Amino acid sequence: MALTVGRIPSYYRDVFSHLSGSEGGRVNRRAWQSLADTSSLPPALIDKVWRACSRGQDSIGQDGVFKSLALIAVGQQGKPVEDWALDAYADRELPIPELAPLQKTVKEEPVTADTSSPTTFVYRYHDLLKLDTIIVQLVPEKKGMVFKYQEYFVESKVLRARVVRRFRDFAAFHECLLNRYPYRLVPRLPPKKVAASPLFIEQRRKALRRFLLLIRRHPVLRDDEIVRYFFSFSGSEVAQHIKERYKVVADESMTNEFAKTARTHVTKEMVSRADKAKPQISSMLHVVDRLLDVVHHMEDRSEALSKDMKTCEKELIGLANMGETSSGVPSIWSIGGGDLWTHVKKSTRDLSPKFLDIAEKASELSKKEVVVTEKVAYFSDMLVAYQDLCERREKGHSKHHRALTKVQTALKEKDRITSQGQQLSVEETDRIERRDDELVRAENKNFFAIFCLHLEAQLVQANLQLLLDALHDLVNNQVAGHDQLHSVWQELIPFVGKGSTSLTSGDSPVLPAKHVAGGGIASSPPKSQGFGDNYSPW
């Protein structure tokens, strides 16, 4: 419904000119959303404004932009975001919403491709990182009277939304999103497990975060109505509401502006690449998963070192306190036969705090290694999603061949009948027409699938930088972490060296420590020259 009341403020025209460009064209949702998100309205209300102004289209014109600004303004005033709320401005200027300055908003950007070259992906890796940041945390207490289930706090920084979801809500969301976008990189959900261990629950929490991050950093999926509903709906029975609202929805091949013209954009080279994509992605996935195993093991080793050092500190304290009565007076056993036991106890008591320092440094290194692991796992999840996309495309290609076979069979039957001088019946004519229509739809979907596959491959390539980032962090973390560990271990040498000299000075059967010139125990190799600690959370 177009805006028919009120006088148009000059601000409205400035906004439309800014978002649509100098040519005064239409405004897509991403450009509009970048401004609407600065209104501080809840995501559900912003989504409602868009639906009211776009009427199911992927973009809005001047009237749609003007109306959306008016509805945002009345929403900021606490009034209902409805057309009738604008009737109060019939004889005066429409309200001006409180939004960010125009120069600080994102101008219209193509969703997947440059308008001059629809098959060219325009986002760079650092552009994708800015699209959103997702946080998924465990709700402390499980819910359920008989069968307990885990809930998660889900937060989107860009949408400024925080909701509570359980696993079946994710499952319903995934099912509907896959029905809507069969030719896009829709990531897999992590597995479900009854009576899951704390370790499994934590791993699944991380996987759910990566799942949402892949969606919110996908230039097409991120702004879909299903996605925004998942992040904004605050009622109960979320899974049921998602299915009722979105389970029966037209897939993207019926609504995308390039679906009907994909045939003109797809080249033979793209078809060839699409046919070769699956084995190439499988090979890359094999390598990335092996790398993921390596960083997992490094993370586990650092955590194990931290635990071992805490155990060592505890046992050394126990050894230092051994042989004392409850009053703190040394027992007869501990004071008989010389001062060897006294030296042992003093050395272990002096050493024990240093082992706690090592445990702390190892724990810090392990936390940094978790970030590296998540980066590699994110890229692995993306490759799996692309592999699944290739399989869906192959199934669609098979449907195309079946439709083609049916049409060819029908045409042969038509030629046979007409060659005998007979006419086709109405039923036979309708059947041929239906099969011909089915073939056209299958062909359009097949070309659109290749069109999308080509763009999604470029999305994967843009994220290749993630591997380099992970390797960079891996090297820097190891250099900085082991430098810190090396320093603490070095601090132990005077205690051990002095202690062992005392221990071996008497008639004790204790084996002497290995000494170097100048006394003390041989130190470890010289401190390595690192690249500096450039770690930043990912």
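## Close-up views of a predicted model

View 1. Strand 3 and strand 4 (residues 151-156) run antiparallel and are joined by five bridges. To count as paired here, two strands need at least two DSSP bridges between them; strands are DSSP runs of E with at least two residues, helices are runs of H or I with at least four, and both are numbered from the N terminus. Zoom in on I134 and you'll find S156 of strand 4 opposite. The whole sheet has three strands in the order 3-4-5, with antiparallel pairing. Strand 3 (134-138) and strand 5 (161-166) are at the edges with a single partner strand each, so one side of each has no neighbour in the sheet. On average, neighbouring strands are turned by 25° against each other, direction ignored; for angles, axes are lines fitted to C-alpha atoms, for helices over the stretch in contact, and values run from 0 to 180 degrees between N-to-C directions.

A word on the model: it is predicted, with pLDDT of at least 70 required for local features and 80 or more for side-chain atom pairs, while totals for chains, interfaces and linings use all residues. Numbering starts from 1 along each chain as its sequence is written, and side-chain values use heavy atoms, with hydrogens and water left out.

**View 2. The largest nonpolar core holds 79 residues.** A nonpolar core is a set of buried Ala, Val, Leu, Ile, Met, Phe, Trp, Tyr and Cys residues joined through side-chain atoms within 4.5 Å. Buried means under 20% relative accessible area, exposed means over 50%, and partly exposed is in between (1.4 Å probe, protein chains only). F173, L177, L212, F231, I242 and Y386 have the most contacts inside this core. Helix 13 (residues 340-419) gives the largest share, twelve residues. Follow L177 and, leaving aside neighbours within four places in sequence, you meet V186, I215, L221, I226 and V227 in contact, where contact means heavy atoms within 4.5 Å. Apart from this core lies another, of 29 residues, with W32, A70, L71 and L102 among them.

**View 3. Helix 4 is mostly covered.** Twelve of the 15 residues in this helix are buried, including F66, K67, L69, I72 and V74. The cover includes helix 1 (10-20), strand 1 (27-28), helix 2 (29-36), helix 3 (43-54) and strand 2 (59-60). Just after the helix comes G78, with a positive phi of about 85°.

**View 4. Aromatic rings pair up across the chain.** The whole structure has 16 aromatic pairs. Rings of Phe, Tyr and Trp (its six-membered ring) pair if their centres lie within 6.5 Å; planes under 30 degrees apart are stacked, those over 60 are edge-to-face, and the rest are tilted. W32 and W50 make a tilted pair, 5.2 Å centre to centre with 50° between the planes. W32 belongs to helix 2 and W50 to helix 3, so the pair ties together parts that are 18 residues apart in sequence. Both W32 and W50 are buried. F170 and F211, in turn, are edge-to-face, at 6.3 Å centre to centre and 65° between the planes. This one links distant parts of the chain: F170 is in helix 6 (residues 167-180) and F211 in helix 7, 41 residues apart. F170 is buried at 0% relative accessible area, and F211 is buried at 1%. Together with Y152, F173, F230 and F231, these two rings form one aromatic cluster.

View 5. The C-alpha atoms of A207 and P190 are 6.1 Å apart, though 17 residues separate the two along the chain.

**View 6. S40 and E237 both show positive phi.** Most residues other than glycine have a negative phi. S40, with phi near 70°, is in the loop between helix 2 and helix 3 and counts as exposed at 60% relative accessibility. E237 has phi of about 50° and sits in the loop between helix 8 (225-232) and helix 9 (238-246). At 41% relative accessibility, E237 counts as partly exposed.
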